[in-house]
Amino acid sequence: MSETYDVVVIGAGPVGENVADRAVQGGLSAVVVEDRLVGGECSYWACIPSKALLRPAEARRAALAVDGARQAVTGDLDVAAVLARRTSFTSDWDDAGQLTWLESAGIDLVRGRGRVSGERQVTVTTPDGEEQVLTARHAVAVCTGSRPVVPDIPGLRDARPWTNREALEATEVPDSLLVIGGGVVASELAGAFADLGARVTMLVRSSLLSGYEPFAGEMVGAALTERGVDLRVGVSATSVRLVGEEREVECDDGTTARVAQILVATGREPQPDLGLESVDLDGGWLPVDETLRVLDGDGQPVEWLYAVGDANHRSPLTHQGKYQARAAGDVIAARAQGRPVDDSPWGVHVATADHLAPTQVVFTDPQVASVGMTAAAAQDAGMDVRVVDHDLGAVSGAAIHADGYTGQARMVVDEERRVIVGMTFVGPDVAGLLHSASIAVAGEVPLERLWHAVPAFPTMSEVWLRLLESYGRPLPSRAER
Ligand SMILES: Cc1cc2nc3c(=O)[nH]c(=O)nc-3n(C[C@H](O)[C@H](O)[C@H](O)COP(=O)(O)OP(=O)(O)OC[C@H]3O[C@@H](n4cnc5c(N)ncnc54)[C@H](O)[C@@H]3O)c2cc1C
Ligand SMILES: NC(=O)c1ccc[n+]([C@@H]2O[C@H](COP(=O)([O-])OP(=O)(O)OC[C@H]3O[C@@H](n4cnc5c(N)ncnc54)[C@H](O)[C@@H]3O)[C@@H](O)[C@H]2O)c1
């Protein structure tokens, strides 16, 4: 069976859905190919269930941090209710709701595993083993996301460790859990399972949350330790063996841990077998130009082939991928219809923020909310950097928010342009502060103008004023003096 569409999208995660949606809104026909659930990793095994698992304990702790409310907290978490709430957020791993949306958006769906099988062509192996060929008049978009890496530690695979998938589908909380990794998944899920009652050990090979400002990992590590997590930094697992129902893990510092379950959270790898060799391209993370077209071995864009979201590994986050998807869907439509392409930096058809203003909230407790560059990254990029730090707990809004509020904010300024190139907040409930910083960074708002963005009193956003005061208020111009 063979069908032709303007755009064929492989992978119906949040990114593939958005590429198809923008293309259809631009007047094209589109089909998405999906071999698991429409909605992707994010909806069923990543963002949504993890945040649903984390929120109840965070809410409980928030109440405990406010005298007067604290007295009303009389019990522990209801673990069964927490797991049930998580399950409801995944619609019990059923994508019927997403199918309704696809239909309303005018996007067709083919279930099965897709691979590129020639120029502008995708072959799908359907669940019943049939092959279906889809031809694209204009573009094929590879939006296949990523899958968890399981490192080559002797005995690990045989011990059937959890990845994010099994952890987020769990119907019971193990008595003890050893988490391998010190990134975002490890930090969030170690906290989640500790809150649910597991004895959690974390093996962090290098440092915790290493891509962030150093105080982020320090504060999150201290909080995890306070909540009972046995945080072992600079320690790696060397071998694993099953002992009855338990896993025995040997570490390179000579210690051994015996646990009920292991969670591997050591990063992601690209989806294999995407058929790219059929068009003389390598697999792996797919390099792209600023309009998300895949680059060939000579660094030239392939006119009809796009890679969007985790698949290109520019900024592997749902919201950054969806941002790319809006640009990609629109540029595919523009090129198809011979309309002008706006590919200048910050143009409609490019994903400039991936480099200059990527945003992220790590939903640990305390949260880490960041945009743009860390101080170290800005220095490495050759900028004349000035770093301004402020104790978030010293802001009256924070003190009212929670008794003994502890938090930290950092502003990274490019002195040459006098604009903020990076901002990091760490503390309870800082996620809501992030978008103001994103606007300042993406908008390249001059520091002088930021004095006119007046934070309401008494909110945590007053930290902006404190950071500007530390930086220094601009002197009146000579004419005004
Ligand atoms: C535990 C965890 C928590 C996370 N939390 C957050 C968070 O809070 N916020 C955030 O922004 N990001 C978070 N992320 C990252 C986020 O999940 C990814 O960045 C996001 O899912 C990427 O979207 P995507 O559409 O590119 O890929 P995916 O969501 O992986 O979707 C790709 C889809 O393509 C399908 N597919 C793959 N290959 C084929 C093929 N050959 N044929 C057909 N279909 C195929 C897959 O089945 C999948 O449905 C988290 C990740 C993890 C692991
Ligand atoms: N809230 C959010 O936005 C959120 C939440 C979860 C995940 N994510 C995203 O999902 C992606 C995957 O997250 P992740 O935490 O799996 O990856 P990561 O790259 O953030 O962290 C991987 C960690 O594993 C360690 N590691 C790698 N190989 C190892 C090995 N062989 N042995 C021991 N340790 C090893 C690394 O040092 C690092 O600490 C990231 O892009 C992340 O940003 C985002």
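Guide: What follows is a set of questions and answers on this predicted model.

Visitor: How many helices and strands does the protein chain have?

Guide: The secondary structure of the protein chain contains both kinds of element. The count is 15 helices and 22 strands.

Visitor: Why is the protein chain said to be as compact as a globular protein of its length?

Guide: For 481 residues the globule rule gives 23 Å. The protein chain is close to that value, so it is as compact as a globular protein of that length. Its radius of gyration is 24 Å.

Visitor: What share of the residues in the protein chain is buried?

Guide: A residue counts as buried if 20 or more other C-beta atoms lie within 10 Å of its own. Among the 481 residues of the protein chain, the buried share is 46%.

Visitor: Which residues come nearest to ligand 1?

Guide: There are 36 residues around ligand 1. By type they divide into 14 nonpolar, 15 polar and seven charged. Elements that each supply at least two residues of this shell include helix 1 (14–25) and strand 2 (30–34). The nearest residues are Gly11, Gly13, Gly40, Gly145 and Gly309.

Visitor: Which helix gives the most to the shell around ligand 2?

Guide: Ligand 2 is surrounded by 23 residues, with Pro151, Gly181, Gly182, Gly183 and Val185 the closest. Two elements, helix 7 (184–195) and strand 18 (359–362), each supply at least two residues of the shell. The one that gives the most, with four residues, is helix 7.

Notes
Residues are numbered from 1 along each chain as its sequence is written. Chains are lettered from A and ligands numbered from 1 in the order in which they are written. This is a predicted model: local features need pLDDT of at least 70, side-chain atom pairs count only at pLDDT 80 or more; totals for chains, interfaces and linings use all residues. The radius of gyration is taken over C-alpha atoms; the globule rule is 2.2 Å times the number of residues to the power 0.38. A residue is buried if 20 or more other C-beta atoms lie within 10 Å of its own, exposed if 12 or fewer, and partly exposed in between; C-beta atoms are placed from the backbone. A residue is near a molecule or strand if its C-beta atom, placed from the backbone, lies within 6 Å of it. Ala, Val, Leu, Ile, Met, Phe, Trp, Tyr, Cys and Pro count as nonpolar, Asp, Glu, Lys and Arg as charged, and the others, Gly among them, as polar.
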